[in-house]
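Reader: I have this one open and have not looked at it before. Can you walk me through it?

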Number of protein chains: 2
Amino acid sequence: MADSDLREVKLGSRELFKGHFLHAFCDQVKLPDGATSAREYIVHPGAVMIVALLGDAVGEVQVVLERQFRYPLGQVMIEFPAGKLEPAEDSQRCAQRELLEETGYQATQWARAGQLHPAIAYSTEFIDIWFARGLTLGQRQLDQGEFLDVFTASSTELLQWCRDGQVTDGKTLTAALWLQNVLMGAWALNWQTSVAADAPR
Amino acid sequence: MADSDLREVKLGSRELFKGHFLHAFCDQVKLPDGATSAREYIVHPGAVMIVALLGDAVGEVQVVLERQFRYPLGQVMIEFPAGKLEPAEDSQRCAQRELLEETGYQATQWARAGQLHPAIAYSTEFIDIWFARGLTLGQRQLDQGEFLDVFTASSTELLQWCRDGQVTDGKTLTAALWLQNVLMGAWALNWQTSVAADAPR
């Protein structure tokens with residue numbers, strides 16, 4: 001399928017706003033029919049999300065989740081650990097760092113599952129989806145001003161919460177799709193043994 | 001689990017920017033430890049997404065999908081039909097309107113599956129997830145300056161594209177979670193017979 005009937009071409013760009021977090025632009029674009037229009041969007045550094053699996057020789061797989069107050073929605077959300085990439089930071093190192101900082105867990109094995117784009121109409125953000133296993137629990141190191149509770153749940157519980165509306169965070173719902181298919185054996189992961197996040201490379 | 005250790009309290013708010021599409025605010029907030037911080041976010045009217053099922057007496061279920069150029073990412077994305085709520089518009093009416101406008105399909109049966117929040121760190125946006133069946137194809141009515149291709153795919157194809165990275169749109173990945181569980185019989189939908197989108201109420 002060719003894209004020439006769909007593509008938009010940038011004619012110019014101006015910064016709308018640069019805050020501590022939000023960085024917005026408005027571009028003038030040429031539409032496929034030759035008309036011009038404007039596109040407003042947020043530039044985002046990208047992020048990672050971690051599905052950390054807790055093995056249990058007898059029971060089913062447990063995952064590490066967080067409860068975090070999300071100000072734009074005014075409510076506490078259930079989510080997988082996640083965080084933004086630092087400048088020039090490697091995606092896997094970011095995943096190791098965020099998991100350790102937010103939950104205290106380190107993992108011996110990592111697998112990159114895929115990527116999602118949370119808000120394609122108005123943000124450049126991508127989120128790399130990482131799975132982790134071989135967990136050991138240490139001390140978490142939350143950023144100043146960061147408040148979140150860490151807990152574990154079974155994959156069955158998580159999927160029930162996705163169905164019942166207790167989980168509505170888009171990235172976590174996407175991770176649930178991955179988790180379900182990995183656990184069913186339908187989607188394979190390419191596990192790699194990894195050094196700890198704070199070990200020298 | 002109590003939320004008092006997580007909740008942030010609004011102290012004040014100022015508008016950062018009001019564009020044609022983006023409307024951004026910065027609020028001063030009191031953190032759980034009593035410190036103050038700032039929260040920047042986009043106010044969004046909310047949206048709907050439609051998973052329209054094409055019955056086939058012999059084969060597997062097909063879904064109606066779109067290919068649309070998404071300027072912030074600079075690429076054509078595979079997505080379920082979706083659109084923003086008009087002021088005071090009912091969610092189901094919006095779903096009926098968007099499906100008809102973008103694809104030309106009308107449906108006799110509708111079921112609200114759930115809701116997702118695509119970007120909980122910086123947007124108030126919610127997306128209501130609707131399923132539709134009993135489809136008849138008419139003429140689509142794209143908005144001026146709107147360009148998108150409509151096509152159908154089997155649920156198997158869609159799930160392969162989610163696994164392989166050809167589908168990375170977060171809302172579509174969430175819809176795939178719903179579709180997979182509905183088709184497996186794990187998650188039930190409450191189907192309602194509905195009048196057509198352009199019929200008088």
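Author: Start with a loop in chain B: Ala88(B) sits between β7 (82–84) and α1 (91–103) of that chain. Keep in mind that this is a predicted model.

Reader: What is phi of Ala88(B) near?

Author: Phi of Ala88(B) is near 65 degrees, which is a positive value in a residue other than glycine.

Reader: Ok, the two chains then. How does chain A superpose on chain B?

Author: A rotation of 180 degrees, with 0.0 Å of shift along its axis, puts chain A on chain B at an RMSD of 0.0 Å. That is the relation of a two-fold axis.

Reader: How many residues does the contact take from each chain?

Author: The contact takes 60 residues from chain A and 60 residues from chain B. On chain A, the elements that each supply at least two residues of the side touching chain B include β1 (9–18), β8 (105–116) and α2 (155–164).

Reader: Which element gives the most to that side of chain A?

Author: α3(A) does, with seven residues. By type, the residues of the side of chain A that touches chain B divide into 33 nonpolar, 15 polar and twelve charged.

Reader: Which surface do the copies meet through?

Author: The copies meet through the same surface, because 100% of the interface residues of chain A are also interface residues in chain B.

Reader: Switching to helices. Which residues of α2 in chain B are buried?

Author: Leu158(B), Leu159(B) and Cys162(B) are buried in α2 (residues 155–164) of chain B. They cover an arc of only 95 degrees around the axis, so they are on the same side of α2(B).

Reader: Why would residues a few places apart point the same way?

Author: An α-helix has 3.6 residues a turn, so residues three or four places apart point the same way.

Reader: What do the buried residues of α2(B) pack against?

Author: They pack against α3 of chain A, together with β5 (62–70), β10 (149–154) and α3 (170–184) of chain B.

Reader: And what is on the face turned away from the buried side of α2(B)?

Author: The exposed residues Thr156(B) and Asp164(B) are carried there. Just after α2(B), Gly165(B) takes a positive phi of about 90 degrees.

Reader: Back up a bit. How many helices and strands does chain A have?

Author: Chain A has three helices and eleven strands. The order along the sequence is β-β-β-β-β-β-β-α-β-β-β-α-α-β. Of its 201 residues, 40% count as buried.

Reader: Which domains does the assignment give for chain A?

Author: The assignment gives domain 1 (9–42) and domain 2 (47–116 + 125–185). The centres of domain 1 and domain 2 of chain A are 32 Å apart, taken over C-alpha atoms. The C-alpha trace of chain A spans about 65 × 40 × 40 Å along its principal axes.

Notes:
Residues numbered from 1 in each chain as written. Chains lettered and ligands numbered in written order. Predicted model: local features only at pLDDT ≥ 70, side-chain atom pairs only at ≥ 80, totals over all residues. Contact = placed C-beta atoms within 7 Å. Helix = DSSP H or I, 4+ residues; strand = E, 2+ residues; numbered from the N terminus. Nonpolar A, V, L, I, M, F, W, Y, C, P; charged D, E, K, R; others polar. Least-squares fit on C-alpha atoms with pLDDT ≥ 70 in both. Domains from an automatic or database assignment. Buried ≥ 20, exposed ≤ 12 C-beta atoms within 10 Å, placed from the backbone. Arc of directions from axis to C-beta.
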